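Here is a short briefing on one structure. Take a look at the sequence and the 3D view, then work through the points below.

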Amino acid sequence: MNSFKERLFKAAAYTASLFTIAVLLSIIAGLFGEGLPLFKSFSPGKFLFTNDWYPTHAEPSFGALTLIIGSLAVTLGALVIAIPLGLGSAIFISELAGSRMKEAAKPVIELLAGIPSVVYGLFGMAFLAPLIRQWFKLDTGLNIFTTSIILGVMIVPIICSMSEDALSSVPKSIREASLALGATRVESIFRAVIPAAKSGIIGSILLGFGRAVGETMVVLMLAGGAAKMPTSIFSSARPLTSTIAAEMGETVMGDLHYQSLFALAILLFLLTFVTNLVTELVFLRRGNQ
Amino acid sequence: MVTPQIQTSQLNLWFGKNHVLHDVSIPIHAHQVTAMIGPSGCGKSTLLRCFNRMNDLIPDTRIEGQVTLGGMDIYAPKTDVTSIRARVGMVFQKPNPFPKSIFNNVAFGLQIKGGLTKPKIQERVEESLKAAWLWDEVKDRLKSSAMALSGGQQQRLCIARALANRPDVLLLDEPTSALDPQSTAKIEELCLELKKSVTILIVTHNVAQAGRISDHTAFMYLGELVEFDRTDKMFTVPADKRTEAYLTGVFG
């Protein structure tokens, strides 16, 4: 009886996992099936390396470089904001805060991760963008700079929480070894503890990158959306994600424009897939040590 | 009578309300091996950690009395703790190399202190690895990770790392309890060699080890220093009944 129940449960769990994998694979298959035909009429080289994104012209052009640069610009901008903030708060929580402070601070920061991205977008539109416009005397506050700040704040919890885990899991004996050699507390943190937690910290940054690259709502609301090559951090940008979200409604199923959006989705998928793969490898290496 | 290198007088220590060390007065002589023995929880490790102020790291620690190192009160308010710790090296129970290269493990203390040129650091790393009898085993792979060394090698690496600061005193906190007999023997021999240049304090659970390598032995029980004497004397005619009972294995 017992073993029958056990077998039944095993079979159910097995089926569930197979189903999940099947769903994922069919999404990937759909992505490539709809996106790749674009390259029959538009060369992949031009798609990746030219600027002109005119999907609805009489002679349409699908140069996605502007969009790729747009995505990278807001993502790197977000990392510039999020790495010091996330890593700094992780170091504070793990190394410097008292136990009470530690118990309070980490859940609060992790709570930030639970805020829906549209709320971040709304906040950025209503409060941050007007401020940025005033401070820097711009025509509009909807630009790469504003987007980077909000996107950065959004991924701080990821970087902070994972880095903090990595720092906290550095054994006490490493700290003792460093202090016993005459290092101060700060020297110990920077020369012994952080290097020992390096792979976890890099993993957290990569994960933050993946999250930021794939984020849609914030960039759709804040980046301005002009499909023009950005020239400064105060330029408007049109990242891959917001292009897909904004244009999908205008397409006819199966036409070139439709295919081109799927091609953008393939690009996004590959970007995040590679990021996650690298992250995984970083962690695997750590597991082997 | 030579002045002792380290001298504690009327040393008392509390962790919170827990009175761990009671009126400990002990002289540690230069270029000798002093062993500290006693049952678990007797305070011998805590006493050892008073000599490089590692107990400072434990919250709610209170210390009364005096510990002098070469005549200087190391608990005086103006003392620079990091310079004390550079002068008094420590090796822990479990080998704890940094997840760095062998070279960078040994160079750690020197790089922190700064002021040494690269060739000078290299020289000092070589000197320290030789002094810890590890050089021949690792000289071809200084850049590979210290984590790949065996337990015994890792422990000698930790000794080399401490020696790189050219300390006056080396504190060994049960350094062989996680090692196999062969590695243990090697470290014991090493202690006898090292005492020519540094003063060694060793906490050990292993009474025979204390007998083999130490010049003086301190027997501690329930936070008190019960007996302190030359090892050969204590091991033949212990003055205190409790020492005799511990040495003969009645308890412990």
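What percentage of the contacts in chain B with a separation of 6 or more is accounted for by residues 24 or more positions apart? The share is 69%. Keep in mind that this is a predicted model.

**Chain B: overall build**

- Chain B holds 10 helices and 10 strands.
- Its radius of gyration is 18 Å, close to the 18 Å that the globule rule gives for 252 residues, so chain B is as compact as a globular protein of that length.
- Along the principal axes, the C-alpha atoms of chain B fill a box of roughly 55 × 45 × 35 Å.
- Burial can be counted too: 46% of the 252 residues of chain B are buried.

**Where chain A meets chain B**

- The contact between the chains involves 16 residues of chain A and 21 residues of chain B.
- On the chain A side, the elements that give two or more residues are helix H8 (172–180) and helix H9 (185–196).
- H8(A) provides the largest share of that side, with 6 residues.
- By class, the chain A side that touches chain B has 9 nonpolar, 4 polar and 3 charged residues.

**Domains of chain A**

- Chain A is divided into two parts: domain 1 covers 2–35, and domain 2 covers 68–288.
- The centres of domain 1 and domain 2 of chain A, taken over C-alpha atoms, are 31 Å apart.
- The two domains touch: 4 residues from domain 1 of chain A and 6 residues from domain 2 of chain A take part in the contact.
- On the domain 1 side of this contact in chain A, the residues split into 2 nonpolar, 1 polar and 1 charged.

**A helix to find: H10 of chain A**

- Helix H10 of chain A runs over residues 198–214 and has 17 residues.
- From its first C-alpha to its last, H10(A) reaches 25 Å, close to the 24 Å expected at 1.5 Å a residue.
- Is H10(A) mostly covered or mostly uncovered? H10(A) is mostly covered, with 12 of its 17 residues buried.
- Which residues of H10(A) are buried? Among them are A:Ile201, A:Ile205, A:Leu206, A:Phe209 and A:Val213.
- The buried residues of H10(A) also include A:Gly200, A:Gly203, A:Gly208 and A:Gly210.
- A:Ser204, A:Arg211 and A:Ala212 in H10(A) are buried as well.

Definitions and conventions
Residues are numbered from 1 along each chain as its sequence is written. Chains are lettered from A and ligands numbered from 1 in the order in which they are written. This is a predicted model: local features need pLDDT of at least 70, side-chain atom pairs count only at pLDDT 80 or more; totals for chains, interfaces and linings use all residues. Two residues are in contact if their C-beta atoms, placed from the backbone, lie within 7 Å. Helices (H or I, at least four residues) and strands (E, at least two) are DSSP runs, numbered from the N terminus. Ala, Val, Leu, Ile, Met, Phe, Trp, Tyr, Cys and Pro count as nonpolar, Asp, Glu, Lys and Arg as charged, and the others, Gly among them, as polar. The radius of gyration is taken over C-alpha atoms; the globule rule is 2.2 Å times the number of residues to the power 0.38. A residue is buried if 20 or more other C-beta atoms lie within 10 Å of its own, exposed if 12 or fewer, and partly exposed in between; C-beta atoms are placed from the backbone. Domain bounds come from an automatic or database domain assignment. The expected span of a helix is 1.5 Å times one less than its number of residues.
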